[in-house]
Amino acid sequence: MRGERARRVPYDVLFRRMLLTVLPFLAASLLFNINVVVEQGIFKFMMKDQADPEQIALWGGVFSGKFRTLMNLPIAIAAAIGAACIPGITASFVKEQTEEVAEKTELAIRFAMLVAFPFSFVLMLMSAPVMEFLFQDTQPLASGLLLAGGVLVIFYSLATVTASILQGIGKLRTPVIHSGIALALQVLTLVLLLKYTKLNVYAVVASMAVFGVCVTVLNQIALYRSGYWAPEFMKTFVLPGVCASIMASMGWIVEVSLSQAVSQKYVTVPAAILTGIVVYLFLLVILRAMTPEEMRKFPGGRRMAKMMKRLMRSSL
């Protein structure tokens, strides 16, 4: 009987239900990404009376082709983490397992921060070598944008993964509303900065910071009020931040030291990054920012868990 009733549901009803479920995901993604188009349009329109077209094109090329490209990689990883955690969180949410939802939420956010912090710190401390290594660009503008905007990796990654979690616990419209509010504030900030300051392309970075911080704060408040997130600030934010700062510092020291003997960045930068990765993983194990048992709960986390166990044995 139950199967017969299920088959009798009209197709238009099923389609409408599916549409109401999918639309909030699409709207949230659209609002989160449309700011790229909006900020570029506003910047070009308002700067046409303040700079010549060649200069505006140069600013736009460096910002979109280099700065944005490097920013999008860790943010894409955070989006993948969010997508991977939705099925597990939703399954626990449907079963009304509040503690399990809170645990999975905390682990997803912590894992995203373990990726975002090192990316952010390395991009800031090694902005000039990274730009020269990847794009053969030694201009102060390219490294300056990365230095000023590298911290946005943390906020945008956190905003991305928290939006996915909110949708996983049934709050489909909440990320849409938050992104809409943040986009309005971003546009207002960008217009004011371009009109009353001479920050030029750095005004776009500042407006991006307003968007990222706004979405992050609003999403975290919504998560906390929902009762499905019990934040562990030490393991989620403090320890990854400490480990990443030491990692980036070690990478910078290695890069500067090698540059005294070798001028080629394709030698110094990879060596510095590999050194930083080893230092970072070692610190994560020593400070217990993520245990092997927690790592196993993520897709593909078994290999990382085995590697962490080996590091734990070698450190004893």
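Glutamate 100 is partly exposed, with a relative accessible area of 30%. In this predicted model, glutamate 100 pairs with lysine 104 in a salt bridge, and the closest N and O atoms lie 3.1 Å apart. Lysine 104 is likewise partly exposed, at 27% relative accessible area. Both residues belong to helix 4, where a spacing of four residues amounts to about one turn of the helix.

Six salt bridges are present in the structure. One of them joins arginine 110 to glutamate 232, with the closest N and O atoms 3.7 Å apart. Glutamate 232 sits in the loop between helix 9 and helix 10, and arginine 110 sits in helix 4, so this pair ties together parts 122 residues apart in sequence. Arginine 110 is buried, at 1% relative accessible area, whereas glutamate 232 is partly exposed, at 36%. The pair belongs to a network of salt bridges that links Glu106, Arg110 and Glu232.

A further salt bridge connects the side chains of arginine 68 and glutamate 39, at 2.6 Å from N to O. Arginine 68 lies in helix 3 (residues 53-94) and glutamate 39 in helix 2 (residues 11-47), so the bridge ties together parts 29 residues apart in sequence. Arginine 68 has a relative accessible area of 8% and is buried. Glutamate 39 is buried too, with a value of 1%. Both values fall under the 20% limit for burial.

With neighbours within four places in sequence left aside, glutamate 294 is in contact with Leu107, Arg110, Lys235 and Ala289. Glutamate 294 is located in helix 12 (residues 292-295). At 15% relative accessible area, glutamate 294 is buried. Glutamate 255 lies 39 residues from glutamate 294 in sequence, and their C-alpha atoms are 33 Å apart in space.

The largest nonpolar core contains 83 residues, and Ile109 and Met113 have the most contacts inside it. Helix 4 (residues 98-125) gives the most to this core, contributing 13 residues. Apart from residues up to four places away in sequence, isoleucine 109 touches Leu158, Val161, Thr162, Ile165, Leu223, Trp229, Thr236 and Phe237. In soluble globular proteins, nonpolar side chains tend to be buried together.

Nonpolar side chains also occur at the surface. A nonpolar patch there has about 920 Å² of accessible area in total, and its members include Leu125, Met234, Trp252, Phe282 and Ile286. Helix 10 (233-259) and helix 11 (265-287) are the elements that give two or more residues to the patch. The largest share, seven residues, comes from helix 10. Isoleucine 286 is placed in helix 11. Its relative accessibility is 42%, so isoleucine 286 counts as partly exposed.

The geometry of helix 9 was also examined. Helix 9 (residues 201-226) has 26 residues, which at 1.5 Å a residue should span 38 Å. The end C-alpha atoms of helix 9 are 38 Å apart, in agreement with that expectation. Glycine 227 follows helix 9 and has a positive phi, near 85°.

Definitions and conventions. Residues are numbered from 1 along each chain as its sequence is written. This is a predicted model: local features need pLDDT of at least 70, side-chain atom pairs count only at pLDDT 80 or more; totals for chains, interfaces and linings use all residues. Side-chain values use heavy atoms; hydrogens and water are left out. Buried means under 20% relative accessible area, exposed over 50%, partly exposed in between (1.4 Å probe, protein chains only). Contact means heavy atoms within 4.5 Å. Patches are made of residues with over 30% relative accessible area and no salt bridge: like charges are joined within 9 Å, nonpolar side chains (Val, Leu, Ile, Met, Phe, Trp, Tyr) within 5 Å. Accessible areas come from the Shrake-Rupley method with a 1.4 Å probe; for residues, only the protein chains shown count as cover. A salt bridge is a side-chain nitrogen of Lys or Arg within 4 Å of a carboxyl oxygen of Asp or Glu. The expected span of a helix is 1.5 Å times one less than its number of residues. A nonpolar core is a set of buried Ala, Val, Leu, Ile, Met, Phe, Trp, Tyr and Cys residues joined through side-chain atoms within 4.5 Å.
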